[in-house]
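The following briefing concerns a single protein chain.

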Amino acid sequence: MVKSLAALSFLALMCFMISFRKSIEMVQRPGLHTIIVDAGHGPKHPGAHGLISKEKDVTLDIAMKLGEAIQKEMPDVKVLYTRTTDEEQNDETAGTANRYRADFANKSKADLFLSIHCNATPQPAGGWYAKRVIGHKKVLRFVGRGKRRKKKLVNEPIYESYWVKNMRRGTETYIWAADRSGSKSDFIGQRGQEDSEGSEFASDSAASGENEENDLSSPEAKIRAQLYEQRFFKKSALLASFVEDEFKKSGRLSDGVKQRTWKGIWVLQATGMPSILVETGYLTNKEEEEYLNSDSGQDEVAQDIVNALRRYKQQIEGGKSNISAAPDSTK
Ligand SMILES: [Zn+2]
């Protein structure tokens with residue numbers, strides 16, 4: 001009896017999920033219409049330091065160039081910036097700054113959140129001096145105490161100090177790890193609640209005939225949020241792989257696509273949309289810092305990301321079947 005009841009409720013759940021998935025695919029406004037371009041950090045939380053620059057300034061330069069390049073190549077796409085100057089208002093703490101960015105993205109009902117950052121190693125920018133032993137010499141030293149004190153020849157190492165260059169370089173793009181945490185689902189659920197009309201969220205719950213969209217703790221709401229999360233995860237992963245691929249084409253060293261679940265990437269966790277965080281290179285590497293500060297370098301980074309966005313837009317708008325395919329875990 002218990003067994004058949006469990007089987008029945010499982011079946012009901014499956015039916016719900018299948019019909020819900022269909023309703024997403026039917027009503028979701030497909031494509032890339034609004035992009036949030038986020039220049040990482042700000043005046044109070046400048047981020048990484050290089051030899052000649054701070055992360056907050058480099059990210060702002062690249063973000064502005066990226067926005068311009070998007071407008072030029074995709075005039076039908078709306079670009080919104082989380083900041084366009086170095087005078088950020090909402091940066092009392094790094095937490096409030098990121099919360100503001102995520103709220104801004106969610107309220108704008110954007111289709112994509114794209115955050116620009118620069119990397120750094122814990123070691124000093126450029127490099128550091130280290131010591132190594134290059135031989136030994138005999139030296140006369142006093143050893144022992146009091147009456148036993150006497151001179152003795154001892155072996156002492158000869159040190160040489162040498163420069164260690166900070167070699168770490170390359171790009172990496174982060175996405176939020178969808179299947180390891182429910183935190184992003186929570187925000188997706190909240191966003192669904194805030195949206196009143198016109199968005200894919202509101203029209204979605206209306207189309208699936210649900211009245212309980214205010215009850216975020218209902219099992220249906222949770223499943224809904226998880227389904228969105230899986231959809232966003234696929235899209236984020238797709239775009240991230242395109243970005244790293246374009247960097248490679250430009251001859252950059254790519255560390256590939258990485259997933260994060262911890263709190264450091266609050267903005268990825270808190271945005272109810274596909275989101276990526278691009279680490280455009282290491283400010284602690286002298287050459288890479290010079291590249292990221294040069295006009296030509298910034299243009300190239302912006303162009304690489306625009307190329308990736310174009311491929312992404314084509315795929316989600318043209319070859320939609322690849323994206324809307326449900327993740328295996330819902331089967
Ligand atoms: Zn950063």
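Buried residues account for 38% of the 331 residues in the protein, a residue being buried if 20 or more other C-beta atoms, placed from the backbone, lie within 10 Å of its own. The model is predicted: local features need pLDDT of at least 70, side-chain atom pairs count only at pLDDT 80 or more, and totals for chains, interfaces and linings use all residues. Residues are numbered from 1 along each chain as its sequence is written.

**Overall composition**
- The secondary structure comprises 10 helices and eight strands, taken as DSSP runs numbered from the N terminus (helices H or I, at least four residues; strands E, at least two).

**Helix 2 and helix 9**
- The axes of helix 2 (residues 55-73) and helix 9 (residues 295-317) come within 9 Å and cross at roughly 45°; axes are lines fitted to C-alpha atoms over the stretch in contact, and angles run from 0 to 180 degrees between N-to-C directions.
- Residues in this contact include Ile-62, Leu-66 and Ala-69 of helix 2 and Ala-302, Ile-305 and Leu-309 of helix 9, where contact requires C-beta atoms, placed from the backbone, within 7 Å.

**Helix 3**
- Helix 3 (residues 94-107) has 14 residues and spans 20 Å from its first C-alpha to its last, close to the 20 Å expected at 1.5 Å a residue, the expectation being 1.5 Å times one less than the number of residues.
- Its buried residues are Ala-97, Asn-98, Arg-101, Ala-102, Phe-104, Ala-105 and Asn-106.

Note on methods:
Contact = placed C-beta atoms within 7 Å. Buried ≥ 20, exposed ≤ 12 C-beta atoms within 10 Å, placed from the backbone.
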